[in-house]
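Please read them alongside the sequence and the coordinates.

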Amino acid sequence: MSHYLEYKSISKGCQITGFQDRLIKFDWTRSTPNHEESDIFTMVHMLIYEGEPFKHDDLGRKINGRYLGDVQSLLNLLQEDPHILDLRNVENSGCFIPPSLYVAADIGHLEFTIEILSRKPELAEEVDQIRRCSPLHVASGKGHLEIVKALISVNPNMCLARDVDGLNPVHVAATKGQVHVVDEILKVVPQAARERTNAGVTVLHLCVKHCQIDALKYLISVVDDAELLNLRDFDGNTILHLAVATKQPEMVKFLVKNKKMEKNAINTNGLTSMDIHIRSKSGINHSEIWVALKKAKALKGKTALKPRDKHRTWLESQRNALMVIASLIATMAFQVGINPPGGAWQDNMDGHIAGNSIMADVDKDQYDRLLIYNTVGLISSLSVILLLISGLPCKRLFVGILMITLWIAVTATTISYVISVMHLTGNREFPWPSSRNHQAVLIALLASVYFWIALMVILLLANALRFIVKGLRGLARLVAKLFRGCFSFFMQRPYV
């Protein structure tokens, strides 16, 4: 009962308003050697959290030195009792006395924290028994940057420690808007920004829920990951869904300007951000969010699904057709290259070499033209095949570029065919042969070539005209928008 007598005498000597009666009325008689220590710590716990510290006794020195950041008091107490830093939860007491480092991190005493870590660095891993928060959680939430650095230097793995809700120190700092702390932690452990909480939300979801736009902007700029930006919670909501639901116009404007943000993502209820906005009640920020979503071309759920499926089917069919045509042209061009018209010499007589092209010796100019056009057709078709199998996003503009490349390949193959036929028929005068025996055939051939050229010109003009029309429409919309803006500006000006 020595502890009982010591602390009872101390309590009687303390002049603390509001607690003297509690100490006197405390049931000291029920303290036994097994329970008296837990009862004492229960009373200490009451005194600490009422904010009225002792000043005139040994217990007061312990409490003030331990909770008010007095380093010299800590050093004196360590000489008297080397185990003072081990004060923690007492079994069967029904209360909890936080570890010294935990309280130092909460209050923000850097020297006190450094002294404790130098003596017992393992305290950096201690967590409270209620929220499972580590000292790093507490310092991150309060924004004590130097203490955060000291704790991370002792144990960087605590950056991934999770409390009872699954929040790590980055989550805590982001919800409190402590951007400088988030920056420091991510320099050491970047993975901490990608962790989910027990509720399935990311640090970006937490920034939106707690209206921390500065932290959100910083995280998106630093991480710069489309996957993290568009991650969904257990309800399928992206951060854009949440920003619209909580009516935060500035955050919505920022998110829809990001090209990596999925504006028409659909949650588990089949709703896009536009659907959520339409279903929400009108408020102060209702029109601002509406304008931001319309500018970003956000769609309703039903509208977003159908066109995308139709567009994807069209692109897939075009992709398959281009692959087949390009493969066919590449095969034809390859055959012409290794087996030119007229074949190859079979011996080394009369100044020629076996294996060389006969056409190259008989009519070198025509052979050079054939090689040029045939090579253009082969390289163009192989380029189309390479781009199709490279995994690049199959967009309309990308498919248009492939189609133009394939036009070049087809045209080059057509010219190669004309040169080959002219050589095989013995007519090498272009465009009109001198021999009447082959005039009919070659006239038909040339007519086909001219028709092909005319068709290509028409297609090019049609596509150029379509491009010009789309550009003019966009320009007209821009002019109309500027006109409406100027008109609204002058209408809102006060009359003098």
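1. A residue is called buried when its relative accessible area is under 20%. The model under review is predicted. By that cut-off Gln178 is buried, because its relative accessible area is 16%.

2. Where does Gln178 lie, and which residues does Gln178 touch? Its place is the loop that links helix 10 (169-175) to helix 11 (179-188). Leaving aside residues up to four places away in sequence, Gln178 touches Ser140, Gly141, Lys142, Gly143 and Ala173.

3. For the chain as a whole, the secondary structure amounts to 23 helices and zero strands. Of the 496 residues, 40% are buried. Contacts between residues at least 6 apart in sequence join residues at least 24 apart in 67% of cases.

4. A nonpolar surface patch of about 730 Å² is formed by Phe467, Ile468, Leu472, Leu475, Leu478, Val479 and Leu482. One of these residues, Val479, belongs to helix 23, which spans residues 439-492.

5. In the model, residues 131-163 are 55% helix and 0% strand, with the end C-alpha atoms 6 Å apart. Residues 235-258 are 67% helix and 0% strand, and there the end C-alpha atoms lie 23 Å apart.

Technical notes:
Residues numbered from 1 in each chain as written. Predicted model: local features only at pLDDT ≥ 70, side-chain atom pairs only at ≥ 80, totals over all residues. Heavy atoms only, no water. Patch = residues over 30% accessible without salt bridge, like charges linked within 9 Å, V, L, I, M, F, W, Y side chains within 5 Å. Areas by Shrake-Rupley, 256 points an atom, 1.4 Å probe, with all protein chains shown as cover. Salt bridge = Lys/Arg side-chain N within 4 Å of Asp/Glu carboxyl O. Helix = DSSP H or I, 4+ residues; strand = E, 2+ residues; numbered from the N terminus. Buried < 20%, exposed > 50% of the residue type's maximum accessible area, 1.4 Å probe, protein only. Contact = heavy atoms within 4.5 Å.
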